[in-house]
Amino acid sequence: AGENPPQGALIYYTFAQAPAGEVTLEILDGQGTVVRSFSSKARGRGALPAKVGMNRFAWDLRYPGGEVPEGVILRGGPPEGAEAVPGTYQVRVTSGAWSQTQAFQVLMDPRISATVADLQAQHDLQTRTNGRVKDTYDAVGRIRALKAQLRSQAEGGDDAAKRAATALEQRLTEVEGELLNQQFRSEKDPLNFEPKLDNLLAYLSNVIGDGAGRPTVAMREEFEVLDGRLEVQLSRLRELLGRAPGGG
C-alpha cells in the first residue's frame, strides 16, 4: 500500500557528500524573520535529515509552540504554535560555509471559508496567548531562583534576617500559586484542583488554534481577562523583587 505524504510544506535538498558538521534548516517569513529552526543534531521529532543524496523534510506550517517546564501538568497539553498564514515564506539550508535560500508559497486551503485576514487574526491572538504562557513560566523561574537564594542567605543570617527572608518567600509563594497549581502531580489532578493561569492560558491557546477562522468575541474577551490577571501577578512579583537583597 502507498504511503500518504506528511502534511505541511515538503522541502527537498541534496548533498553530493555527507556533511561533516551540523546542518540547519530555517523557515523565514515574508519579512525575512526566522520563525522556525531545525538541526541535524536534534533527536526525535523535528530532527533534520542530512545524508548523501536526496533529503526530505516536512515543516508542519506551525510557528514554535509554548515551552513547558519539566514536571508541569497541563490539562489540554502544551500550547501548539500558531499556524502559518498563507503568503510568501523562505527556507534556508546551511551546512558549514554553504547556504542556500529558496522562496515558497503557503497557499490557502480551498476547503475553508475563512479569509487571509481571519487567519491572520487567529494567528496573532494565539501568538499573543503563547507569549503570555512564556511570561508566566519565566516569572515562575524567577520566583524559584529567588526563593532558593533567600533560603541560602537565611542560613547564615541572624534571626531578623531569617524572619525577613521567610516573610518574603511566603509572599513569593503566594504569587507562584496564582501562576500555576503545584498540586498538579498527575494527568488527573486538573479534574480535582483549580487550574491556574498557566493552564488557563495554554488551554485558551489551543482553543484559539482549533480549526481555521477568526477568533470569537468570547476568545478575545477571555484573553483580556487572563492577560489582566497575569499582569496583576507580574506587578506583585516586580514589587517583591524590588524588596529582595540586591534588588532582585
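The model is predicted, so local features need pLDDT of at least 70 and side-chain atom pairs count only at pLDDT 80 or more, while totals for chains, interfaces and linings use all residues. Residues are numbered from 1 along each chain as its sequence is written, and side-chain values use heavy atoms, with hydrogens and water left out.

**Helix 5 itself**

- Helix 5 has 27 residues and spans 40 Å from first to last C-alpha, close to the 39 Å expected at 1.5 Å a residue (1.5 Å times one less than the number of residues).
- Helices here are DSSP runs of H or I, at least four residues long, numbered from the N terminus.
- Buried residues (under 20% relative accessible area, with a 1.4 Å probe and protein chains only) in helix 5 include Met-219, Phe-223, Leu-230 and Leu-241.
- Among the things covering the buried residues of helix 5 are helix 1, helix 2 (159–179) and helix 4 (197–208).

**Helix 5 with helix 1**

- Helix 1 (residues 116–155) and helix 5 (residues 217–243) pack at about 25°, with axes 11 Å apart (axes are lines fitted to C-alpha atoms over the stretch in contact, and angles run from 0 to 180 degrees between N-to-C directions).
- That makes the two helices roughly parallel (angles under 35 degrees).
- Their crossing is left-handed, as the near helix is turned anticlockwise from the far one by less than a right angle.
- Contact (heavy atoms within 4.5 Å) involves residues including Leu-125, Arg-128 and Leu-146 of helix 1, and Arg-220, Glu-224 and Leu-237 of helix 5.
- This contact splits into 10 nonpolar, 2 polar and 8 charged residues (Ala, Val, Leu, Ile, Met, Phe, Trp, Tyr, Cys and Pro are nonpolar, Asp, Glu, Lys and Arg charged, and the others, Gly among them, polar).

**Helix 5 with helix 4**

- Helix 4 and helix 5 pack at about 155°, with their axes 11 Å apart.
- They are therefore roughly antiparallel (over 145 degrees).
- The crossing of helix 4 and helix 5 is left-handed.

**A buried lysine**

- Lys-196 sits in the loop between helix 3 (189–192) and helix 4.
- Lys-196 counts as buried because its relative accessibility is 12%.
- Neighbours within four places in sequence aside, Lys-196 is in contact with Gly-177, Glu-178, Leu-179, Leu-180 and Asn-181.

Notes:
Parallel < 35°, antiparallel > 145°, perpendicular 65-115°, else oblique. Buried < 20%, exposed > 50% of the residue type's maximum accessible area, 1.4 Å probe, protein only.
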